[in-house]
Every structure is written in structure tokens, then in C-alpha cells.
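Colleague: I am new to this structure. Please take one part of it and go through it closely, giving the cut-offs of each term as you go.

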Amino acid sequence: MRLTGYAVDDLIAEFLTETAESLEVVDSELVKFEANPNERKTLDNIFRLVHTVKGTCGFLGLGRLEAVAHAGETLLGRFRDGKLEVNADAVTLVLHSIDRIKMILAGLETTGLEPDGDDHDLISQLEAMAEGREVAIDTVQAVSVPDRPIASDVAEAALVEVKAEVARTLRPGEVSEEELEAAFLAAEAPDWMSEPDPTPAPVIEAPKPAPVAAPIVETVATDLSTSLSALSAIAGGEDGTGIATTQSIRVSVDVLEGLMTLVSEMVLTRNQLLQISRNREDSAFATPLQRLSTLTGELQDSVMKTRMQPIGAAWKKLPRLVRDLSHELGKKIDLVMEGEGTELDRQVLELIRDPLTHMVRNSADHGLEPTQERIDLGKPANGTVKLSAFHEGGYIVIRISDNGRGLNTARIREKIVEKALATRAEIDGMNDQQVHRFIFAPGFSTAAKVTNLSGRGVGMDVVRTNIEQIGGQIDLNSVQGQGTTFTIKIPLTLAIVSALIVGAGGQKFAVPQTAVMELVRTGANAEHKIEKIEQSLVLRLRNKLLPLVQLGPTLQLEAATQEDPTFVMVIQVGERRYGLVVNDVLDTEEIVVKPLASILRDVDVFSGATILGDGSVVLILDPNAMSERAGNMLEEKAAEESEETHVDAQGQRVAMLLFKAGGGTPKAVELEHITRLEHIESSQIEIMEGRAALQYRGKLMPILTVSGHYHDLLAAREQEGHIQPLLVFTGEGYAMGLAVDEIVDVVEDRLSIELSADRPGVRGTAVVAGRACEILDVDHYQLRGLAEHARRQHHGHAVVETEAA
Amino acid sequence: MSIRDYVTLRVGGQLFGVDAARVHDVFHPRGLTPVPLSRPEIAGVLNLRGRIVTAVCARRRLGLAPREADAPEPLAIGLEVHGDSYGLVIDSVDEVLKLDDEKFHSPPGNLPPRWAEVIVGVCQLEKELLIVLDPHTLLDAAHLKAA
């Protein structure tokens, strides 16, 4: 074994990465251990992890770190041998020493050297406890560590574990592994473990072979074994089967990002090829191209998978958080986690980590009653905070629920009036759920007292904004006395987004579709006109004034002249709602977001760029930064208006049209959105270039399908005299038809939509006339229809010619 | 002694050199999408074989007069800085020269700072002076802001 090829710096960097991961595992393991001290496996795992840390730092000459780890390990060794009882004080002490280790690591991370300091206080306490003497824990100075230690940030940013599908039982192949395992699994602990040493000389006592060997084994082998031991710790804790069976290798994130870029480019090139092939008669290319297309899609999926990480990575800190909260608040709290293995893009994972932590803290602090109160109420003494995650469509759904007291509806009502978020009369007309949603309003906080833990002024509105910024949604459900459940629905990845391509000032831009609530056509002949107050533009929309931002002039491009057809995109960012004036809406497209070069980072209105199917580069607008740039007029609050729609939607009986389309659950749509129902002969529908249209009332009307493809329409055209039912939607100066399989019924019912994660085009599910239905998102289809319509105007001539032929 | 290849190029009549190892490719900057609100040096973004490349105008970066209306189509050299792809838009590319960087002179003290900080050294060729540029500082956001 040689040390060549490894600089000490590399070794330290690697050590930091590994240690950070080990420590996260230790944190949650310890909490498990405290709850169940007889769980031998958990203790073995903790012991092994601390030991690895200790061994490796001895090898690297990190004396201070090693001394603390050694003392911690000695104590753990006593527990392990059953010579000492595990109690809360002991666990607290061990946690203190882990905090200390984290602090030293953070210093090591920044300066490359161990920070100066004295650990004798801690070490002597650890030793005292190991020897069975009384220890006053309060005198141990708790070291405050950053919420997320720097080292672990780096570790997560630098490396992602790629799980291979092949599984094998851990084979002690390397000498180091073998010896390590042998040392740990020996039935009788060696002397150096069981007997606390009165004269600490840890360097000499460390078992040499394992830690010395570990870093020198070839990179992959080392990484593999570390991953395996980390995994075995997790697996062992969960199902008690001990040693891990998943094989994984470490791959640098750069490599994965590179792969992702290549695949994205491949997808774009594929799209270009498909576009070319569609316009050509000869079909020699068609079959291989189709195959290439499928393969590219599969490749893209696989590469996306490598960026996926289990959501458990964002939850690792929570057991410790809840444990500390439980002690501080004097409440007994059980944290239940389900679906830790549910995967999502690591970028999204990073963005939801903080909101999730905040919400769990909230649930434990505000949601759960104090233990005595629970007992008096006849509830189980232990409060439960439950986290669960699962996939639904292209989204991940996360639920955070507690079995505490539930929201205080009366208190919220008062607060709403107090804060002038709504009038008394409005509040009285709302049901509990609508009132509850006000906790997402800015500046809303009902915490009667500000505790150390929550109620720091950052409320649920920030959580909501954070989640909406990544295209997610949040909702809640609370029952007085029974608890509160928050449901979060977020897209699995941010790398590919669906966007509207708009034109302004002679240039094309992409706007993420998640931010666009609706499109309004304005201009000389349209019903809606843009009006001016002083120099500010506003739009009258359903008796409200919508402040407008002109895209062209804001970007210092030429403004739209009055004659130009103009669209207003109603954009919602957090609580702000504004209209973005563009000259044209050209298309909707799935785009691959690429970051801008660092030289362009100061231009904050763009969040990135993308290459369109035609090969041109367009910039992606950041609706949030646009609103900030547009200035003070955006103080308008949209909450009022959105609540109003909720009243309509939830309170009154609504006429609904039930229909079947694209298989699966029956669909429903509010009848008021539909202009007409038509039954036409399928043969009248023109299908070309993957788009369908119908000559309707003297104009060409785009036909959309729920599935997004036209196979069924094509097949139906083959049948003689097949009648196609259509739902016709009309808007400002355009119409579009949605082809459905069958119109079932028109019913009147109260509409209570359950927020659920699903495909675009579906708002959620609701029970209509006793049947579970998917509620159609009319806005989605109108946007698609409008984009289609705008496209046709551009290519109007071409379309007419094709028809003539 | 370290002798390296340098790509020589012209911007506004002046001869410049860039370490050939740093130059990924030479291309015509076509299909530029302007970036509104960006610094004047930014010519736009373009699609170079599926990569998004940010084009930076060397004339504006060095504070030289804009290109004449009848000038031939400009060229760009592809460079990579901090992992981002850039195209430095120049007038023309000359030959590749082998130069010994120990024979470079440090930039004379009377140069404007905009120039001085982007220059690795000045090399005395037989007929004229060759100014060797450092692509890193030339395309670095922080240096650009300061310029």
C-alpha cells in the first residue's frame, strides 16, 4: 500500500465528505437509540461510525478531533458492553460531543487546519460518565453549530451516490474492511474498548490496520465500502437485517451535470430531426428515427434518474431536531417518516429542505399540545409528527401531519379582521378551510408568544412562496382537536419546464408556464383595453384593476405600438399578481433550462436560456425578478381575489359537465367555461404535422385532446360516419375545441376540489354526483389553444394552402 | 524556457495573441440573440452545436472604435472560463506562432487599466508588437464590472 497519488489535501477533503455523511447518520441513529436502548444493532452502527471517524482522523493527524471522538467512542463502548445504562443525559452528552466534532470539522473545512480550542471539559465529562461517575450535563458547554454544517453542504454538493441496480451482500473483500468488521463484530470487546483508559493516549490505542488502510485503497473501493457501511447502518436500523445489500459507486456531480447537458442537447437535436422528417414525404427515415426518438427518451429518463436523490436526504436532520425540540418544549414527540426512499431531483431537494424543516418545527411547537394537556384530553401522551412522501404523476407529494390541537379557527378569523386581510362579512361567509388558508397570507402569524423555536416572523407565507417558486403548490387540512395536515406538491425536476414562447420588442422570450395564470387578448378590437393612470398601465379584469408591466420597454426594447395585437399574461408570484404585456404569444414548448454564463448573472430578469426546436436561443424570463424590477405598483394583493374564487367554488352549487376522455377516471368541468357542445363527423377534422383543426363557423379552430396526441382521432377518422363530441371553449377572439370520448351527464353539485398531484391540465379530484372525477384545468387548455391560435395566424397561408391541396 | 503556441488575431488593427491551448474553436458568430439589459460588451448568446455560447465583443471590451460598416464578417474564438462557454468576437485570425513566454515584456505603465489588467505580456515581433491576452480576466464578470 502506498500513499502516492494522494495529496494530504485530497485525503482531508475526502475525509470531510465521508465524515459529514457518517455524522448525519449518527444523529438520527442516536435518537433511535435513546428511544430503544436495547436495540443492539443501532448501537453497533453508531459505534462503528464514530470509530471510523476517530480512526481516520488519527491517520490524518487531526489530534483534537481524534481526542473527542475517542472519548465519545469509549463511552459508547461501555453502553455497547452493557456496563452502563443508557439514559437521556448520556445521549445528550454524546450529542454534545458530536456537535463539537462538527464544529471542529467546520473549522477544518474553511481553514484546512483544526481550529484552536480546548476540549478538556467535554472529554473529562465523557470519561467520567464512562467510568460511571455522576456528570452534571448542564456544565457542558453546548457548542452551537450552524443549522447545516458547512462540511455536509460541501459533501452533498460534491457527490451524489449513484445506486446500481445490482445488489450484493457486503463481501469483506478488502483487508481493511475485514479487519474493521472483525474488530467490531467480535463478541467480546477488546480490552481497549471496555476499559476506559485513565491516561488518554488515543493515538497509540487506535486499532491501526483498518483506518490506515481505508483511505489508501483505490478510490472506488474506499468509496464503495464507505457507502456500504453507511447504507448498512441505515438498513440495519430500519429492518434489523444488518448488512447492506445495495451496490453503489460515487460519481462526481460534474460528470452527471455533463451527461445531463449532453442528453438535453440530444433531445433538442432529436426534436429538430423529427420536425424535418414530418415535413418530408419520403419515409425511409421514419422508422429508424422513431427508434432513435424512443431511445433518446429512455436515455433522458435514465440520466434524470441519476440526478434523483431520496427525499430522506432532506429529512436526515429532522430526528435530531425533533428530539431537541421535545426536550426544550417538554413535550413527548414521536417523529414518523414514511416514503424516505421517494426520489426527486437533487436541485429541488435542496430548495425544499429549509421549508420542510420549518414546517416540522412548526408542527412540533405550535401543532402539538403539551404532554399534560394531551393526557387530560384523553389523547396518547406522545404527540406524533408524521412526514410522508410519494410520487403522483410528474410530481412528488409530501405530507406533514400532526395529531395535535388543530388550527384555532376562531383565533384566525379574529386575526384576519385585525390585520385587515378581509372584512368581517367576508370572513363570516367562509368555511373553515378557506379561513385556514389565510395562514399562508404574508405577515400572518398567530403565535401568541414567540418561542425560541418558531414564530420568528418567518411564517407560512415564506414557505408558500418558496414552494410556489419551484412550481409547487401547498394546501392544508385541519380538524380542531385532531391535528393538521399540510400537503405539498412539487415537480420532480426543474431541468425541463413547460414554457410559453412570447414575442416582445422584436425578440422571443420564454416564460415558465407555472407562473402564468391566464392570458388576455387586448388591443383595438378586443373587449379588454389597456388603460392609463398617470404613466402607469392597468387592465380592467373582472372589475379589478391589474397593474401592468410592459415587457418590451422594461427590457429597453421598442414598445408595442397601439395597433399591434397585444396579450396580457396574468402572472402570479407569491402574493403578487400583475400583467405582463407582450406583443405575441407564439407557442408552448417543453424547454431544457440552461444557466446563463457568469458574465450575465447581473441581468437578474433572466433565469436562464434555452435552445428551441428551430435552433435559436431564447432567454427565459424570471417572473419574480420582473415584478421586482417593475417596482412599487406591485403591492396589490391577490389573496383577496383568489379567496373569492374559492368561495364560489366551494360554497355554492356549480353546474358540472361530466365526460370521458383519454381513459381512466371520468373528467368534469364547470359548465360555465364551455361555450358550446358540438358533435361533428370525425372526417371533418384536419390533422397535419401533429396538430388538429376544424373548419368551424368560417374559421379554423384548433382541436386539442386530453392525451395530447392524436392517435385516437386519426383512428376514429377511419371509421365511416364516426361522430366526434367536442367541447368548445371561446375566449377573446379565438375558439378551441377539446375532443372527448363521450359526454356523460350534466349535474349540479357543490365542488370541493382535493388538491392532488397529477398531470398538467388537471386541477385535482372531486366527488361530483357521487363519483370521483378529475376536474379539468380549463386555463391550461385555453393557454394551449391560444398559443395554437397565435401560431396559426403566423402560418396562416401555409395552412390554407395545405387544405386546398 | 516554456515555448507555447499562440493564436494571433486582430482587433481594430492591433495584433493580439491568445494561448492556443485555451482556444477551443474559431467560428462565425451567427444567429445571435441579444441579451437586453446586459453590459454593452455582450454581443448576445448563440447556439454553437447545441451549446449556448455567450458572445463578447473584443472591440467594446477593449474600448476600441466599433467595427466599420463595410468590414468583413467578424470571427469569434471559443474560450471556456469558469466552465462557461464564451465566444470572443474579433476581426480576423492570423497565424499560430510559437513564442517563448520568458521573452514577454510586462505591459508598459502608461496603458489604460482596461488594457493593463487583461494583458499577460507584450512580445516584440520583427515588424510589430504582439499583445498577449489573458482570456480569464478578459471574460471574468468581476473584472468586467471594474472596467
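Modeller: Chain B holds four helices and ten strands, where helices (H or I, at least four residues) and strands (E, at least two) are DSSP runs, numbered from the N terminus. The model is predicted: local features need pLDDT of at least 70, side-chain atom pairs count only at pLDDT 80 or more, and totals for chains, interfaces and linings use all residues. Residues are numbered from 1 along each chain as its sequence is written, while chains are lettered from A and ligands numbered from 1 in the order in which they are written.

In order from the N terminus, the elements of chain B are β-β-β-β-β-α-β-β-β-α-β-β-α-α. Of the 147 residues in chain B, 33% are buried; a residue is buried if 20 or more other C-beta atoms lie within 10 Å of its own, exposed if 12 or fewer, and partly exposed in between, with C-beta atoms placed from the backbone.

Chain B touches chain A through 21 residues of chain B and 22 residues of chain A, two residues being in contact if their C-beta atoms, placed from the backbone, lie within 7 Å. On the chain A side, helix H12 (253-278), strand E19 (606-611) and strand E20 (617-621) each supply at least two residues.

E17(A) has pairing partners, where two strands pair if DSSP finds at least two bridges between them. With strand E16 (residues 566-573) of chain A, the pairing is antiparallel over seven bridges. With strand E15 (residues 544-550) of chain A, E17(A) pairs in the parallel sense over three bridges.
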